[in-house]
Amino acid sequence: MNRLHINTFTLIIVIVFSVLSVSFDNCTGREGKHWRNNKAAPASILVKKDGGYGGTHHQRHIVSKLAGSSTFNVLDYSAKGDGHADDTKAFEAAWAAACKVEASTIVVPSGSVFLVNPITFSGPNCAPNIVFQLDGKIIAPTSSASWGSGLLQWLDFSKLKGITIKGKGIIDGQGSVWWNDSPTNNPTHETRSSISQYSVESNSGGLPSTKPTALRFYGSNGVTVTGITIQNSPNAHLKFDDCTNIQVFGITVSSPGDSPNTDGIHLQNSQDAVIYNSNLACGDDCVSIQTGCSNIYIHNINCGPGHGISIGGLGRDNTRACVSNVTVRDITLQNTMTGVRIKTWQGGSGFVQGIMFSNIQVSEVKIPIMIDQYYCDKSKCSNETSAVAVSGINYVNIKGTYTEKPVHFACSDNLPCSGVSLDTIQLHSIQESQQLNGPFCWEAYGELKTTTAPPIDCLKTGMPSNTRIQSNPDSC
């Protein structure tokens, strides 16, 4: 390097150091838990504090420019993080910036509570592989003005390629203000007080009847959710709609057992999903698998309270529904309404096939094993002849205690269940001294591969005469 180049390089270093020094001396940082002590410091120790940068906003901005950072902290976009001020615009601005940079990271830092109104983080024009680093807490508004006439979701990620939400943070839907309107729910005083501590205003105006999902992904490929807690959603906690290549692991879902319609994880029209190593407690299905789903693998899940792991209800309002290739294994269910369940409406069409439930441990579960082709959550449902075909359902190594009956197979008269296999089923009444209901079967055909406890002698052997199974997934 010649002398001119050395002098030029030295001059650049001096200028950069001078700018940083002036910034450090003149910029006064906000005091509080979000900011470092505002003392002069070399740039090296400003980098990477909770995924972002320490120092004042101006200092972080300079360092970010010099480093060419792809990290976007919502505090740098005027988020307050006090649990009361509306931080929606700051989240929108941070997302707009991150959206332009491939493999960027948007940071929601720890130690702050961010009030965010309904928001969509949307593609398809965003760069791929964005990471949403959630270490703080995001809370939903409780005022009716924030929801208008009603919305289907609160935090919505739409049409993205490679999107990851990770961290140790919390998404809190503050759902008690919605549940209180439901006659089926009676939250405890403790639950109400813990949820309402950041409420913006009372619900005197009344919230809309449409209750939103807390976190929803739509039309996206390569979705990962890990580490976070989702709690007290007004409706379902985590939903995937029309998504592919999904990974969910290490998450916690938490809402009271009597909170209405609060599914833990809800999948529809989605394929190639793996859900594992998570704790799910809610007021409805811990995992709900709906029409259009295939290649779903669920394992090492703790479920309870809740309604268990469910496929359906499928075929409502005479619709066509198809679900195939689902494996549910190494699951613990405690104090749930059902264990592993398939539910379909009369009048529907399509199929459920290729299902494996294995290594299921149940404790004080009302009905551990259920197929219900007469599912109805209305006050009255009419009898219909058509049905969603149910075939190839395998139950292996299901053990534990029940409180009502061990097995309930209620299959269609016109289209009976077929290919139901039972292997190593050991289910016992929680109160052995009391005679509870035994296994129930109606138009269910299959095979007992081992002896069962209690004996399930109501299962018909062979195949029904009228098995019209549609196995073309493209038909759905």
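**Notebook: cysteines, rings and a pocket**

Entry 1: I started with Cys282. Its sulfur lies 4.3 Å from the closest cysteine sulfur, that of Cys286, and this is too far for a bond. The cut-off I used counts a disulfide as a pair of cysteine sulfur atoms within 2.5 Å. In general, a disulfide is a covalent bond between the sulfur atoms of two cysteines.

I noted the ground rules next. The model is predicted, so local features need pLDDT of at least 70 and side-chain atom pairs count only at pLDDT 80 or more, while totals for chains, interfaces and linings use all residues. Residues are numbered from 1 along each chain as its sequence is written, and side-chain values use heavy atoms, leaving out hydrogens and water.

Is Cys282 buried or exposed? I found it buried, because its relative accessibility is 0%. The scale runs like this: buried is under 20% relative accessible area, exposed is over 50%, and partly exposed is in between, with a 1.4 Å probe and protein chains only. Cys243 is also buried, at 0%.

**Entry 2: the whole chain.** I counted five helices and 33 strands in the protein chain. These are DSSP runs numbered from the N terminus: helices are H or I with at least four residues, strands are E with at least two. Of the 476 residues, 51% are buried. I then looked at contacts, meaning heavy atoms within 4.5 Å. Among those between residues at least 6 apart in sequence, 75% join residues at least 24 apart.

**Entry 3: the disulfides.** How many disulfides does a search of the whole structure find? It finds five.

Cys286 bonds to Cys303, with the sulfur atoms 2.1 Å apart. The angle about the S-S bond is 80°, and the link is right-handed. The pair links distant parts of the chain, 17 residues apart: Cys286 sits in the loop between strand S20 (271–281) and strand S21 (287–289), and Cys303 sits in strand S22 (residues 293–303). Cys286 counts as buried because its relative accessibility is 0%. Cys303 is buried too, at 3%.

Cys99 and Cys126 have their sulfur atoms 1.9 Å apart and form a disulfide. This link is left-handed, at -110° about the S-S bond. It joins distant parts, 27 residues apart: Cys99 is in the loop between helix H3 (88–98) and strand S5 (105–108), Cys126 in the loop between strand S7 (119–122) and strand S8 (130–134). Cys99 is buried at 15%, and Cys126 is buried at 12%.

Cys441 and Cys458 pair with sulfur atoms 2.0 Å apart. Their link is right-handed, with 45° about the S-S bond. Cys441 lies in strand S31 (residues 440–442) and Cys458 in the loop between strand S32 (444–448) and strand S33 (460–461), so the bond ties together parts 17 residues apart in sequence. Cys441 is buried at 13%, whereas Cys458 is partly exposed at 23%.

**Entry 4: aromatic rings.** I set the rule before searching. Rings of Phe, Tyr and Trp (its six-membered ring) pair if their centres lie within 6.5 Å; planes under 30 degrees apart are stacked, over 60 edge-to-face, and the rest tilted. The search of the whole structure gave 13 aromatic pairs. One of them joins Phe157 and Phe217: 5.3 Å centre to centre, 25° between the planes, stacked. Phe157 is in strand S10 (residues 153–158) and Phe217 in strand S13 (residues 213–218), so the pair ties together parts 60 residues apart.

Why is the pair of Phe217 and Phe240 stacked? The centres are 5.4 Å apart and the planes lie at 10°, so it counts as stacked. Phe217 in S13 and Phe240 in strand S16 (residues 238–241) are 23 residues apart, so I logged another link between distant parts of the chain. Phe217 and Phe240 are both buried. I also noted one aromatic cluster made of Trp95, Phe121, Phe132, Phe157, Phe217 and Phe240.

**Entry 5: the largest pocket.** My grid was 1 Å, over the protein atoms alone; a pocket is an open set of points where a 1.4 Å probe fits, with protein on both sides within 12 Å along at least five of seven lines, and lining residues have an atom within 4 Å of a point. Volume is the space filled by probe spheres set on the points, which are joined across faces, edges and corners. The largest pocket holds about 870 Å³. It is lined by 36 residues; Asn261, Asp263, Asp284, Tyr375 and Asp377 lie nearest its centre. S13, S16, strand S19 (265–268), strand S23 (309–314) and strand S25 (338–344) each give two or more residues to this lining.

I sorted the lining into six nonpolar, 18 polar and 12 charged residues. Here Ala, Val, Leu, Ile, Met, Phe, Trp, Tyr, Cys and Pro are nonpolar, Asp, Glu, Lys and Arg are charged, and the others, Gly among them, are polar.
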